[in-house]
Amino acid sequence: MSADLLTADLFESVPDLRPSREAMADGAVLLRGFARPVEAELIAAIGEIVAQAPFRHMVTPGGHSMSVAMTNCGSAGWVTDRSGYRYDGVDPESGAPWPAMPRSFRVLAARAAAEAGFDGFAPDACLINRYHTGARMSLHQDKDEDDFSAPIVSVSLGLPAVFLFGGLQRSDKPRRFRLEHGDIVVWGGPSRLFFHGIAPLADGEHALLGRQRINLTFRKAR
Ligand code: SIN
Ligand code: FE2
């Protein structure tokens, strides 16, 4: 049996793993527990990626070191430095291409997107964000991609976090959603350019990942 079929079986046969969906906005859906059936594969693959392309604190164009540590996999990696934000095929730390995107990542992201109404999602970029206690991501739009017709698929692992989800204007008051291990948020269509962020991470201990939260953000960059 293929890994895909096995996963599909798991979704249907184990009641506790059956995901639930919550509408967040037009084009935005929270799929609770959607990544749980493949958590072990995801965590093992993250370990392999980080061995090749370690987490690092990138610097914003304004010169601030980000509290979230980042790395990437896929053919396009999101980077920031004093010269700006961009996608780059190579890791500027090593000069080598970013690690390939594991099949388990691509399959999960495409499934989640389809569940949210976006068929045919084929991400070429996966930004991996690591939050330790107090790390945060201020409100921003994901707009460094060439084409906004593809959605964003965002997977939460480890410690819970508060996701801030606003609107098209920075001044739109964000709503707060608690994201737990295994939850996936998909936003696209009318909400593709909504401002979003993560409130400072509260301390805690997660059974699989310890004192951290890891987020996988899938995008079609090019
Ligand atoms: C991001 O917007 O890049 C990260 C969101 C998250 O960590 O959930
Ligand atoms: Fe983002």
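Modeller: We begin with polar contacts, pairs of N or O atoms within 3.5 Å. In this predicted model, a side-chain N or O atom of Asn215 is 3.2 Å from an oxygen atom of ligand 1.

Biologist: How far from an oxygen atom of ligand 1 is a polar side-chain atom of His196?

Modeller: For His196 the distance is 3.0 Å, and for an N or O atom in the side chain of His140 it is 3.1 Å. The protein covers 99% of the 260 Å² of accessible area (Shrake-Rupley method, 1.4 Å probe) that ligand 1 has on its own.

Biologist: Which elements give two or more residues to the shell around ligand 1?

Modeller: A residue belongs to the shell if one of its heavy atoms lies within 4 Å of the ligand. Strands, DSSP runs of E with at least two residues, are numbered from the N terminus. Here the contributors are β6 (125–131), β7 (137–140), β12 (196–198) and β13 (213–219). The most comes from β13, with 4 residues. Among the shell residues are Tyr131, Met137, Ile198, Arg213 and Arg219.

Biologist: How many salt bridges does the structure hold?

Modeller: Side chains of opposite charge can pair when their charged atoms come close. A salt bridge has a side-chain nitrogen of Lys or Arg within 4 Å of a carboxyl oxygen of Asp or Glu. The structure holds 13. In one of them, Arg32 pairs with Asp183, the closest N and O atoms lying 2.8 Å apart. This pair links distant parts of the chain, 151 residues apart: Arg32 is in β2 (residues 28–32), and Asp183 is in the loop between β10 (175–179) and β11 (184–187).

Biologist: Which conventions apply?

Modeller: Residues are numbered from 1 along each chain as its sequence is written, while chains are lettered from A and ligands numbered from 1 in the order in which they are written. Local features need pLDDT of at least 70, side-chain atom pairs count only at pLDDT 80 or more, and totals for chains, interfaces and linings use all residues, while side-chain values use heavy atoms, without hydrogens and water.

Conventions
A polar contact is a pair of N or O atoms within 3.5 Å; within protein, one must be able to donate a hydrogen and the other to accept it, and residues adjacent in sequence count only if both atoms are side-chain atoms.
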